[in-house]
Amino acid sequence: MKSNLRSLPFLLLLGAALLLGSALAQEECIQEGNCKRPDCVCASTSNPIAPLPLEFAPQFVVVTVNDAITVTNFRFYKELVSTFRNPNGCRMSMTAFLTHLNTDYTLANELWRLGSEIGVRSVTSSPVPYWKQANYSEWYSEFSEAKKMIHNFARIPEEEIVGTRALHMEVGGDEMYRALRDAGYKYDSSWTALDYTNWYENAKGALYPYTLDFQSPQVPHDCPVGRCPQNTYNGLFVTPVLNLKSISGDPCNMVDACQSSYNETDCPEQKCEDRVFQFLKENFEYNYHGNRAPFGLHTLPAWFESDKNVKSTAHWKGYKRFLQYVQDLDDVWIVSQNKVVEYMKNPVPVGDIAQLEAFQCPTIDPDTNCPAPMGCEYDSYPGSGKITIRICSRPCPTTYPWLGNPTGI
């Protein structure tokens with residue numbers, strides 16, 4: 001009895017601490033009150049330069065692609081960054097969230113050299129059940145070792161590998177967010193949003209990127225894929241993937257999911273190109289004429305490549321036509337995800353964006369730090385047979401780099 005009584009004060013203190021922690025997590029976020037830039041940004045559907053009128057705000061078009069960079073899809077990416085420019089004359093930039101398997105690290109290096117961002121998806125390309133059950137150590141290994149591979153084999157500084165996107169967009173709850181924080185990432189772009197868009201029925205308005213210093217307003221109802229995190233993570237950004245409205249009116253988080261394959265019978269070449277362009281333009285204008293939250297063009301490279309199956313170029317031409325349309329608007333910037341995160345730390349009117357360091361570029365493209373790409377062949381890797389990896393570093397790893405052995409030693 002005495003032992004139980006002695007432990008009572010401790011239990012009361014523990015209960016009070018847990019209640020206090022819960023209260024702090026659900027405390028209202030007040031920008032420049034209890035949440036100060038650049039380290040803390042409240043979740044909001046309001047433009048960050050308010051009370052200035054909306055026409056002074058920039059509209060960001062955020063171009064991202066998922067999975068391996070290969071010879072086949074790199075030609076699409078290089079054409080994009082070589083064709084389109086921002087209002088200050090700098091190349092458009094994009095973010096490639098990489099899976100390790102089949103990635104050509106020499107091409108990842110080249111995309112980075114041209115001013116784009118390289119982010120992380122995973123080392124393995126495991127199916128959905130693996131991610132649904134993944135614990136902290138599995139998430140941490142995938143995130144930290146993928147970063148190490150990109151640094152070693154593509155010669156990209158680790159401090160520039162700052163963003164993640166979960167495979168299958170399967171948000172992994174607190175296990176995932178704790179792991180990516182501990183692995184040194186600055187933002188995550190996995191969390192899809194439907195209630196927080198500018199088009200869905202009874203929608204609350206499109207969310208801007210925010211930090212997890214306070215519990216997300218998307219908890220618990222706006223977490224369409226996976227599990228929402230319940231805890232807070234100071235300084236860690238969420239860049240919401242706003243669901244798009246497909247031609248049929250259904251929500252979809254990726255361009256390729258909204259605009260699937262087609263055939264020449266039901267969609268002739270020009271009609272298909274027009275359909276792609278109008279679909280992208282309509283979704284863009286929900287934000288552009290709404291609250292100007294960043295508009296995401298998120299897709300898998302297979303969407304571009306699928307054109308050849310029907311001897312068409314409709315996806316590619318419609319996509320480029322849309323980028324040409326937004327490039328001609330002087331208040332639109334076509335950028336990678338990391339640039340939007342930097343902007344949210346120090347938001348300025350559209351006329352001042354060119355003065356921000358993140359949006360500047362060198363007069364001449366920098367020299368490559370991958371002058372002699374090398375191919376390394378292996379008889380096997382986990383789950384399959386022969387494979388080749390192209391890298392910037394020397395020498396070839398002894399074994400094929402994989403989870404648990406990211407350097408291949």
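Student: C35 and C40: buried or exposed?
Tutor: Both are buried: C35 is, and C40 is as well. Keep in mind that this is a predicted model.

Student: What do C35 and C40 form?
Tutor: They form a disulfide, with the sulfur atoms 2.0 Å apart.

Student: Which hand does the link of C35 and C40 have?
Tutor: The link is left-handed, with -110° about the S-S bond.

Student: How many disulfides does a search of the whole structure find?
Tutor: The search finds 6 disulfides. Each such link is a covalent bond between the sulfur atoms of two cysteines.

Student: Take C370, then. What is C370 joined to?
Tutor: A disulfide joins C370 to C392, and the S to S distance is 2.1 Å.

Student: Where do C370 and C392 lie, and how far apart in sequence are the parts they tie together?
Tutor: C370 is in the loop between α11 (337-345) and β16 (374-378), while C392 is in the segment after β17 (387-391), so the pair ties together parts that are 22 residues apart in sequence.

Student: And why is the disulfide of C370 and C392 called left-handed?
Tutor: Because the torsion about its S-S bond is about -95°.

Student: Are C370 and C392 buried or exposed?
Tutor: C370 is buried, and C392 is buried too.

Student: Which cysteine does C376 form a disulfide with?
Tutor: C376 pairs with C396, and their sulfur atoms are 2.0 Å apart. C376 sits in strand β16 and C396 in the segment after β17, so to speak of distant parts of the chain, the pair links positions 20 residues apart.

Student: What is the torsion about the S-S bond of C376 and C396?
Tutor: It is about -85°, so this disulfide is left-handed.

Student: How is C376 placed, buried or exposed?
Tutor: C376 has a relative accessible area of 2%, so it is buried. C396 has a relative accessible area of 31%, so it counts as partly exposed.

Student: What about C223, buried or exposed?
Tutor: C223 is buried, because its relative accessible area is 13%, and the cut-off for buried is under 20%. C228 counts as buried as well, at 10% relative accessibility.

Student: Changing topic. How many cavities of 30 Å³ or more does the structure hold?
Tutor: It holds 3 cavities of that kind. The largest cavity has a volume of about 190 Å³.

Student: Which residues are the closest to the centre of the largest cavity?
Tutor: The closest are L242, N287, P294, F295 and G296, out of 22 residues that line the largest cavity. The elements giving two or more residues to that lining are β11 (241-242), α8 (269-288) and β14 (295-299).

Student: How do the residues of that cavity lining divide?
Tutor: The lining of the largest cavity has 13 nonpolar residues, 9 polar and no charged.

Student: And the largest pocket, what volume does it have?
Tutor: The volume of the largest pocket is about 940 Å³. It is lined by 42 residues, and G115, N338, K339, A358 and Q360 are the closest to its centre.

Student: Which element supplies the largest share of the lining of the largest pocket?
Tutor: That is α11, with 6 residues. α3 (105-113), β3 (117-122), β15 (332-335) and α11 each give at least two residues to this lining.

Student: How many residues of the pocket lining are charged?
Tutor: The lining of the largest pocket has 12 charged residues, alongside 19 nonpolar and 11 polar.

Notes:
Residues are numbered from 1 along each chain as its sequence is written. This is a predicted model: local features need pLDDT of at least 70, side-chain atom pairs count only at pLDDT 80 or more; totals for chains, interfaces and linings use all residues. Side-chain values use heavy atoms; hydrogens and water are left out. A disulfide is a pair of cysteine sulfur atoms within 2.5 Å. Buried means under 20% relative accessible area, exposed over 50%, partly exposed in between (1.4 Å probe, protein chains only). Helices (H or I, at least four residues) and strands (E, at least two) are DSSP runs, numbered from the N terminus. On a 1 Å grid over the protein atoms alone, a cavity is a set of points where a 1.4 Å probe fits but cannot get out, and a pocket is an open set with protein on both sides within 12 Å along at least five of seven lines; lining residues have an atom within 4 Å of a point. Grid points are joined across faces, edges and corners, and a volume is the space filled by probe spheres set on the points. Ala, Val, Leu, Ile, Met, Phe, Trp, Tyr, Cys and Pro count as nonpolar, Asp, Glu, Lys and Arg as charged, and the others, Gly among them, as polar.
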